[in-house]
Amino acid sequence: MKMSDEERAMLEGARGRATQKAMQILAALGTIYGAESLIPVTSVQVAGVSYDNLGEAGLAFLAEIADGGGKSQVLATLNPAGMDIESWQALGIPPDFAEKQLRVIDAFSRMGVQTTCTCTPYLVGNLPAFGEHIAWSESSAVCYANAVLGARSNREGGPSALAAALTGRTPDYGLHRDENRQPGLTVAVKARMSENTDFGSLGKAIGEKIQATKAVPYITGIDTASLEQLKTFCASLATYGGAALFHIPGITPEAGTCKAPAESLTITQADLDIATRSLSDASEDEVDFVSLGCPHLTLAEVARIAALLEGKRVTREFWITTSRPVKQMADQLGYSRIITAAGAKIAADTCCVVAPIQGRFTALAADSAKACYYAAGKNNFKTLFLHSTR
Ligand code: F3S
């Protein structure tokens, strides 16, 4: 892989051992994927923040980078942590876990990473423009950045995203290159797409069909989609199909430069209904945990939930997960007060998938196809998919 003098100097240790280690990671990645060079990035989002996923080895790696003087060269934010950084006690997080999680956050902070822990960085100030090269990790956010914003990111692992932050570079391969952003399959949607949860079911239905080929879908039959619907769709498509890009004519910015591929498949109302039903295996009575906000909620979604909860009492453990900046706005606008008066909890910085809650609950109710997938796969919960009924 070709390197500039500056990049070569980083690799040889001229900027300290943390930057050297970061450059070694990028050089290895570039070699594996056949990249010819490194390119500058303007924005980074680092996953692998929850101590539940990192463990002691991950914490030691981060501390070593921070101790070695590693400093982020670009705007970098974090994926959700294993707890609300400020109000972890209210979520029942054990103190020994909290102590480790705070050490993880401290290590990132010492590296100059913004410790906004969210999978929707594009809602809270980490918003790349069309065509910008970035290095993000969280699968739903990567899909949103590529498809909806037209920025360019591969789906980075935690260490490679952090390496991009410390050097301001990433290897030039995959979705950074024009030729890999072209669609490989036309997907004709012939189903009613009105509620957010329809987009979660659609992501599952399409995702399972493209999982093997990883073809970029060119999706027809959708005339409108809100920010929330696209956010939901990205999470589901990335989870069930491993997809990091799609195009929808009239909605996503690169669709106009693509031709509909001849190879096609159709998603019918029956396909969508099957996907919806497959997300539930728990009855309402079994549910002992409700979580809304996967991906993290927008302010408009928090407002809607507050309106629905006003004057009522929840009867199960009930989390509403969002970023800290959105929670702060919800505080100012009085939504948080309504939500907590109903007995629900606003869980900022975290979510029901990365928090250490295995064994605490039996069945999760969620309005997210992605949350259902991980509740079963990671935490062994039964699931109830909260979707609209027509
Ligand atoms: Fe975000 Fe957690 Fe869902 S990271 S996309 S809320 S699994």
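Two strands count as paired if DSSP finds at least two bridges between them. Strands here are DSSP runs of E, at least two residues, and helices are runs of H or I, at least four, numbered from the N terminus.

Now the caveats. This is a predicted model: local features need pLDDT of at least 70, side-chain atom pairs count only at pLDDT 80 or more, and totals for chains, interfaces and linings use all residues. Residues are numbered from 1 along each chain as its sequence is written, and side-chain values use heavy atoms, with hydrogens and water left out.

Start with β11, residues 317-322. It pairs with β12 (residues 345-348), parallel, over four bridges. Trp319 has Lys345 as its bridge partner in β12. β10, residues 289-292, also runs parallel to β11, again with four bridges. There, Ser291 partners Trp319. From β10 the chain passes through helix α10 (residues 299-309) to β11, a right-handed β-α-β crossover. Right-handed means this: with the strands pointing away from the viewer, the path from the first strand over the helix to the second runs clockwise.

How many residues of β11 are buried? Six of the six, so the strand is largely enclosed by the rest of the structure. Buried means under 20% relative accessible area, with a 1.4 Å probe and protein chains only. Glu317, Trp319 and Thr321 cover one side; Phe318, Ile320 and Thr322 the other.

Next, the open sheet. Its order is β8-β7-β9, with parallel pairing. The edge strands are β8 (217-220) and β9 (264-268), each pairing on one side only. β7, residues 185-190, meets β8 through four bridges. Ala188 has Thr220 as its bridge partner in β8.

Terms used: Buried means under 20% relative accessible area, exposed over 50%, partly exposed in between (1.4 Å probe, protein chains only).
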